[in-house]
Amino acid sequence: MTLDLREILSDPGSELPFSYTLNVSENEPEGAETVPDGALAEGVVRNDESGILTLSCTVTGTLHLICDRCLKEFTREHECEIESLVAESLEDENNDDIIQLREGIFLDLDDLLRDEFILSLPTVNLCAPDCKGLCPKCGADLNLGPCSCKKDVDPRLEGLAEYFKKHPKN
């Protein structure tokens, strides 16, 4: 979405609200979309009393994820708050904290909001904080109960295990 800010650039104290569905999964392979329904982007661009433009936005979407421990599919809501200054031109082109307007009047939101939303995603995805995962030997889901695998003895402690077999406690 591109916003035309002509109306508020010359009117301190004015604002331009916006709301639209952002396609977050644009670069993901088909069938692997994290946010297949898109994310709702709602916000406002304000020209404060001193003529400084600010962007305030909330991007909210339902994530479709696979648990990193047990491989179950699950969904979770995710929200990202974005606050940034907006400028018609920049003195320092390498300044990533300020968004530059295209042609001095247009604000391109799609790439900016998509990048911020993706960067705010959790790096570890668990279906539950206490997810036990899968057994490394048989692959059983340990959330459903213990598996029937025999526990391995640490090779460094085999001698101690043999000692206790020969000398059981009385």
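1. A quick term before we start: a residue is called buried when its relative accessible area is under 20%, exposed when that value is over 50%, and partly exposed in between. R6, at 48% relative accessibility, therefore counts as partly exposed. Please keep in mind as you read that this is a predicted model.

2. R6 is a friendly place to begin looking at charged pairs. R6 makes a salt bridge with D4, and their closest N and O atoms are 3.0 Å apart. D4 has a relative accessible area of 33%, so D4 is partly exposed too. The count of salt bridges comes to 6.

3. Next, have a look at E15 and R46. These two form a salt bridge in which the closest N and O atoms lie 3.2 Å apart. The pair links distant parts of the chain: E15 sits in strand β2 and R46 in strand β3, 31 residues apart. E15 is partly exposed, with a relative accessible area of 46%, and R46 is partly exposed as well, with 34%.

4. Helix α2 covers residues 110-119 and includes R114. Here R114 forms a salt bridge with D111, with 2.9 Å between the closest N and O atoms. D111 and R114 are 3 residues apart in helix α2, which means about one helical turn separates them. What does R114 contact, leaving aside its neighbours within four places in sequence? The residues are L22, N23, V24 and E26.

5. The largest nonpolar core has 30 residues, and F18, V59 and L113 touch the most other members. Two or more residues come from each of β2 (15-22), β3 (39-47), β4 (53-66), β5 (73-87) and α2. Of these, β4 gives the most, with 6 residues.

6. V153, L157, L160, Y163 and F164 make a nonpolar surface patch of about 480 Å². F164 belongs to helix α3, which spans residues 158-166. With a relative accessibility of 45%, F164 counts as partly exposed.

Terms used
Residues numbered from 1 in each chain as written. Predicted model: local features only at pLDDT ≥ 70, side-chain atom pairs only at ≥ 80, totals over all residues. Heavy atoms only, no water. Helix = DSSP H or I, 4+ residues; strand = E, 2+ residues; numbered from the N terminus. Contact = heavy atoms within 4.5 Å. Patch = residues over 30% accessible without salt bridge, like charges linked within 9 Å, V, L, I, M, F, W, Y side chains within 5 Å. Areas by Shrake-Rupley, 256 points an atom, 1.4 Å probe, with all protein chains shown as cover. Salt bridge = Lys/Arg side-chain N within 4 Å of Asp/Glu carboxyl O. Buried < 20%, exposed > 50% of the residue type's maximum accessible area, 1.4 Å probe, protein only. Core = buried A, V, L, I, M, F, W, Y, C linked by side-chain atoms within 4.5 Å.
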